Amino acid sequence: MPNKGLPAAAMLFILFLCVTVHDVNGDVSYSVQEEMKRGYVIGNIGKDLGLNVKELSTRNSRINAEGNRKRFCNINVGTGELVVAEVMDRESLCREKLSCVLKFELVLENPLELHKMTLHLQDINDNSPVFPKDVILLEISESAIKGARFRMSEAHDADVGQNAVQNYMLERNDEFILAATSNKDGGNNLELVLDKELDREQQEDISLTLTALDGGNPPRSGTVNIHVTVLDANDNAPVFTEEVYRATLPENSPVGTLVLKVSATDLDEGINGEVIYEVSRASSFTKQAFTLDSKTGEITVSGPIDFEEESIYEMRVEGKDGFGLSTDTKVIIELADVNDNTPEIFLKSLNIHIPENAPPGTEIGIINVQDRDSESNGEVHCVIGSNVPFKLVPSIKTYYSLMTTGELDREVEIDYNITITATDEGTPSLSSSKTVHITVADVNDNPPAFRQQSYSAHITENNKLGSSICSVSATDPDWRQNGTVNYALYPGDVDGTPVSSLLSINGDTGAILAARSFDYEKLQSFKVQVIARDNGSPPLSSNVTVSVSVADENDNTPQILYPAPEGNYLMTEMVPKAVQANSLVSKVIAVDADSGQNAWLSYHILKATDPGLFNIGTHSGEIRTQRDISENDGMKQNLIVSVKDNGQPPLSATCTVYLLISDNLAEIPELKDMSHDTGSKLTIYLIIALVCVSTFFLTFVIIILAVKFCHRRKPRLLFDGAVAIPSAYLPPNYADVDGTGTLRSVRSAYNYDAYLTTGSRTSDFKFVRSYNDGTLPADLTLRKTSSQDPFGPCDEADSSQVK
């Protein structure tokens, strides 16, 4: 049987497949056989493009399919190898196309880089030839001459090239031989040639088997039965009006749409001139899309037709008369694109967490926009919504880079919803949208901020250890550990005392506690620095000043400075008999270490020898006569005085004031008795006293003259009373304020000039002069010093001579 010749195009394709890899303008091309299993290594694209393995990994390299095709291969970033990801069937992907080419893109980021990659899918012999019918019925007149030809429908093989149908074999018989020739469109004309005249009377029916063989290794075959019925003469075959029929049809045309009509005529009459139309050759895809009416020759749409799936359909239509003579024609149907596909948005890479310190122009994602339509229907423009700090920058082909346009601040905006809209240029235009959610990642860019610029706290002295003083609070708008605030006291000291021994702070809550019991008399106020620090890396901090004031508590009993407490020595005041009512005879001096109302002292006479003779100033402590002293009043007058502060509860102290009403020491009975017992000693004492009195008198006269001279230029203070107030020891930093007898902790001080202090019973008494009109002479006036030190130097003109 004759062999079918191999087309020249198939030879060139086979020669092309021998080259596995080649670069074209920096791009690569590979060829691989169909039906290869997953993981099969096609080639090393990393080496072919000069990319190292590390670069493939760090730049997020990947394979993208062109258009909306499935991605059939992938890249191993660890080795740079291109491997099969999905099993590829050439017949389903490219159907009857001689060359099956899949296009992909290798995408690398940072910076964005694209490399085109073409994959030539080689055919393997995985399909057998198939005849359009299981049985070919031929009706041949017995008058047919030797050499008469009867056209047969050729077999179809989904494979291409060498794997397509190559040979036909006809079962050995005496009547027919097979002739196969190539036609213009690359197909085959298969004809059954009569080799011996037929005789209907001898053989009415003839059965033959026709076998089609492809060129695969091993070859595959398909068979069809030919049933020949011997009839009377039919000498004209049908003739089509056109050799090739062409039609253009919009895609998505509904079922039943008329595409075109084929027509063939037969010059015979009667049944020999009736033509029946059949599809002799068409792909299964074409048969599903179109239907041929066998009587009218009309081709109509019978299934979905999509330009994006198949743009050109081809079929061969056979016209056959009633007695088996036939001819065929070619039908080509082209689909016109309609804008029926909305653009699709693909996020090829996206960093959904952007640090807030990312500079403007940071690329956060790559977006690919595709439209399956063609020409202007497939031209797409992509934009994003306004009022967001992002923009789309066209990159390569249909790729866009999503970039930041300004500085981000998580404390102002935590996340963004970016709406990306893609619109094609079709009429009418179609569009689609996709929303991308971007979260701003926190960076430790905010130090803690205290709620107040400074804090003031108060605590009462004698507090318990751990007593709460106050609480500081700082906020940090950062997130999680960047916004977690811890507190600490700034190390330092207060008057030499470490801050840590005064206060402690809760590092989590900012509560400040007392680390010791405070004493107002030692420490009235102090300041510390509190540091608030977050847990960021690196940490940020701020500080605030906390002023702590210690409040006084009535914890100090009044201290009586004059008269001195009993047990040390006896202090007695001399009161002349001529003292009139309301005259000052003595003064109780007391201090209280507390402050404020806790140090306000009041004086009260608890018990007196003669209750109606003397009274005491409640706030001054001055002891005055209530009436004139009479001859009937006792010489010895003892007063028990209570000094009480104004605290809650109040504290008090008592003292005894001893007064002697006499103008002469000789009138005192105890001294008379004592003179007889101590005669020898008294003589010596009198001699010494005489010398001292003489010296004192001379000195006193000089001092009085000097003081009077000074007082002519200075006003003197009036102070009622018959006797001078004795001097008393004043503790440091305490002084009498406003002459009330209460000493305060102030720098200015009063000095009280004194003349008389008696000790034991054997001490000498010293008398002072009587005063007229109850006025204190100039040399005993109460003075206030101007020195800051309570024991600082006094002005000579204002100081009294102390004996």
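**View 1. Ile-75 faces Leu-82 across a strand pair.** In this predicted model, Ile-75 stands opposite Leu-82 in strand S6. Strands here are DSSP runs of E with at least two residues, helices are runs of H or I with at least four, and both are numbered from the N terminus. Strand S6 covers residues 81-84. Four bridges join S5 to S6, and the two run antiparallel. Two strands count as paired if DSSP finds at least two bridges between them. Asn-76 is also part of this view: Glu-81 in S6 stands opposite.

The model is predicted, so local features need pLDDT of at least 70 and side-chain atom pairs count only at pLDDT 80 or more, while totals for chains, interfaces and linings use all residues. Residues are numbered from 1 along each chain as its sequence is written, and side-chain values use heavy atoms, leaving out hydrogens and water.

**View 2. The hairpin of S5 and S6.** Four residues lie between the two strands. Gly-80 takes a positive phi near 85° in this hairpin.

**View 3. The open sheet S3-S6-S5.** Three strands make up this sheet, in the order S3-S6-S5. Their pairing is antiparallel. Strand S3 (41-44) and strand S5 (73-76) are at the edges; each has a single partner strand, so one side of each has no neighbour in the sheet. On average, neighbouring strands are turned by 25° against each other, direction ignored. Axes are lines fitted to C-alpha atoms, for helices over the stretch in contact, with angles from 0 to 180 degrees between N-to-C directions. Three bridges join S3 to S6. Val-41 stands opposite Val-83 in S6.

**View 4. The open sheet S35-S41-S40.** This sheet has three strands in the order S35-S41-S40, with antiparallel pairing. Its edge strands are S35 (468-471) and S40 (503-505), and each pairs on one side only. The twist averages 25° from one strand to the next.

**View 5. Cys-470 at the pairing of S35 and S41.** Strand S41 spans residues 511-514. Three bridges join S35 to S41, and they run antiparallel. Cys-470 stands opposite Ile-512 in S41.

**View 6. The whole protein, for orientation.** The protein has seven helices and 56 strands. Of its 803 residues, 44% are buried (buried means under 20% relative accessible area, exposed over 50%, partly exposed in between; 1.4 Å probe, protein chains only). Among contacts (heavy atoms within 4.5 Å) between residues at least 6 apart in sequence, 69% join residues at least 24 apart.
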